[in-house]
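Work through these exercises with the structure open beside you. Each task is followed by its solution in steps.

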Amino acid sequence: MEMNDDPFNAISNLNSDSYNSGYKEGVLNGKKLALTQGFKIGIQTSFKIAKDIGNIYGICSLYKIQQAEQSSEKIIKLAQQICDLIDKFDIVNCHDENFEINMNLIKDKFKQFCSLTSLKSVNLKNDSRHLNF
Amino acid sequence: MLKLVTTLAGHDDMVWCVAWNPKGNLLASCGGDHSVRIWSQKGQNGEEANQWTCRAKLSDGHSRTIRWVSWSPCGKKLATASFDTTIIIWKQKNDFDFEIIANLEGHENEVKCTAWSIDGSFLASCSRDRSVWVWDVSEDEEYECSSVLTSHSQDVKHVLWNPHKNILVSSSYDNSIKMYQQDVDDWINTETLESHQSTVWSCDYNPEGTRLISCSDDKTLKLWKEDPEKKNKSSWSCYSTISGFHNRTIYSVKWSKTNNLIATASADNSIHIFKENESSDANEPTLLLLEHKENAHCQDCNCIDWNPVQNNLLASCSDDGTVKIWKFDE
């Protein structure tokens, strides 16, 4: 008699068979869940990046037009520099090795712009809830 | 031998930083009680020379812990860094009277340190928000942000200027030290010094500004020097690691500009004093221990500073709420 024909064999393998099928199902469900969660996180993150960069571009562009006559040359030059950086920034390609460097450079320049113009920088803040020395 | 001159009590909370003014006759301290205290000797001679008193208490500026205090090179201004995210510039009106002349905002989290460039034309600040800010200081006391640098990946603990050139150095929780120089109208990161295994708490230049010593949470001191032959990005390299002296984090290191001695303050409550070994034998240690003061304070020693004029006089401060003044006799 073949091993597979043995009814007791199926019983003795019941535990490992159940484990294997459960494992496969778990992998499939996990993949689905991770894809959904990853997609949601991706949307949230990209939304925040695009919103921040859009805000910065809008403020600097408007400042160049409206304040050109009243402001110092230094600030106008800085606003132009920020707009140029954003124009060159490949916002869609988050896999670019310089993506984070370029984004941080824009944010740093905007912080300097806010400081020079006494604007309050909004929504660019880090979390600061725990104690730190 | 390290001899205690006096213990200065007055702060109502831990003391984070001590700093001598350029003339070496005033000592500023700051801490968790949101105040800066200015201390000086009662008199120049006799018994009064060893008696110190609090001449001023600056407490109407910051709303949270004052983490750092630094004197401008002219000795007339103080810059304080606070956990309330601001930097305040105080100007000396007369001997012990200070007024606020600027409140610098921009950092998003706690400000950890401030430092004036040697000619007083720049002020640097660093913060838990991972950034280093360089402020232009104009002759009419205007403070304008010159650059925001986010080269570090974690909070920045300390900033320092080269004693002869406008080169800025920052130390960070990301275990690295970075150097910056002005490039046309911006500042750029020119060097990254990596060797420490944990947070770099502070560093200091030798009197000539050609070498650097750093201290860390990894309980080591590291000596760095520039190799001008190296043409690549990192021409600074670590040439010596000094370990086995402190058994907890080393928070502060100061290289005296008058006697070339190196003092360290640590979370193990001790103060150590070293001098460079002048031997050229590569098998001999780079630094020789001159003094090991155990239990210099009852709790963590947070900061130490050599007097810039009076040889061998140094100040320390601690979580125990005191400031101590020490005299070192070789």
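**Starting point.** In this predicted model, α3(A) passes α4(A) in a left-handed crossing. The first exercise builds on that pair.

**Exercise 1.** Find how the axes of α3(A) and α4(A) are arranged, and list the residues in contact.

*Solution.* 
- Step 1: take the axes. Those of α3(A) and helix α4 (residues 99-117) of chain A come within 10 Å and cross at roughly 160°.
- Step 2: classify the angle. Angles over 145 degrees count as roughly antiparallel, so α3(A) is roughly antiparallel to α4(A).
- Step 3: list the contact. From α3(A) come A:K74, A:I75, A:L78, A:A79, A:Q81, A:I82, A:L85 and A:I86. From α4(A) come A:L105, A:I106, A:K109, A:F110, A:Q112, A:F113, A:L116 and A:T117.
- Step 4: sort by class. The contact of α3(A) with α4(A) has 11 nonpolar, three polar and two charged residues.

**Exercise 2.** Describe the packing of α2(A) against α3(A).

*Solution.* 
- Step 1: locate the helices. Helix α2 of chain A covers residues 14-66, and helix α3 of chain A covers residues 73-88.
- Step 2: read the geometry. They pack at an angle of about 140°, and their axes are 9 Å apart.
- Step 3: classify. That angle makes α2(A) oblique to α3(A).
- Step 4: α2(A) passes α3(A) in a left-handed crossing.
- Step 5: name the residues. α2(A) contributes A:I53, A:I56, A:Y57, A:C60, A:S61, A:Y63 and A:K64. α3(A) contributes A:I75, A:I76, A:A79, A:Q80, A:I82, A:C83, A:I86 and A:D87.
- Step 6: sort them. The contact of α2(A) with α3(A) divides into 11 nonpolar, two polar and two charged residues.

**Exercise 3.** Now take α2(A) and α4(A): at what angle do their axes cross?

*Solution.* 
- Step 1: the axes come within 11 Å and cross at roughly 40°.
- Step 2: α2(A) and α4(A) are therefore oblique to each other.
- Step 3: their crossing is left-handed.
- Step 4: on the α2(A) side, the contact uses A:I49, A:D52, A:I53, A:I56, A:I59, A:C60 and A:Y63. They meet A:F99, A:M103, A:I106, A:K107, A:F110, A:F113 and A:T117 of α4(A).
- Step 5: by class, the contact of α2(A) with α4(A) has 11 nonpolar, one polar and two charged residues.

**Exercise 4.** Which residues are closest to the centre of the largest pocket?

*Solution.* 
- Step 1: get the volume. The largest pocket has about 900 Å³.
- Step 2: go to the lining. Of its 36 residues, B:W20, B:W71, B:L160, B:K257 and B:D305 are closest to the centre.
- Step 3: In chain B, β2 (15-20), β6 (66-71), β10 (111-116), β14 (156-161), β18 (200-205), β22 (250-255) and β26 (301-306) each give two or more residues.
- Step 4: sort by class. The pocket lining has 22 nonpolar, 10 polar and four charged residues.

**Exercise 5.** How many cavities of 30 Å³ or more does the structure hold, and what lines the largest cavity?

*Solution.* 
- Step 1: count. There are two cavities of 30 Å³ or more.
- Step 2: size the largest cavity. About 70 Å³ of space lies in it.
- Step 3: list its lining. The residues are B:R67, B:W68, B:K157, B:H158, B:W201, B:S202, B:Y251, B:S252, B:N302 and B:C303.
- Step 4: assign elements. β6, β14, β18, β22 and β26 of chain B each give two or more residues to this lining.
- Step 5: sort by class. The cavity lining has four nonpolar, four polar and two charged residues.

How values were computed. Residues numbered from 1 in each chain as written. Chains lettered and ligands numbered in written order. Predicted model: local features only at pLDDT ≥ 70, side-chain atom pairs only at ≥ 80, totals over all residues. Heavy atoms only, no water. 1 Å grid on protein atoms, 1.4 Å probe; cavity = no way out; pocket = protein on both sides within 12 Å on 5 of 7 lines; lining within 4 Å. Points joined across faces, edges and corners; volume = space filled by probe spheres on them. Helix = DSSP H or I, 4+ residues; strand = E, 2+ residues; numbered from the N terminus. Nonpolar A, V, L, I, M, F, W, Y, C, P; charged D, E, K, R; others polar. Axes fitted to C-alpha atoms, helices over the stretch in contact; angles between N-to-C directions. Parallel < 35°, antiparallel > 145°, perpendicular 65-115°, else oblique. Left-handed = near helix turned anticlockwise from the far one by under 90°. Contact = heavy atoms within 4.5 Å.
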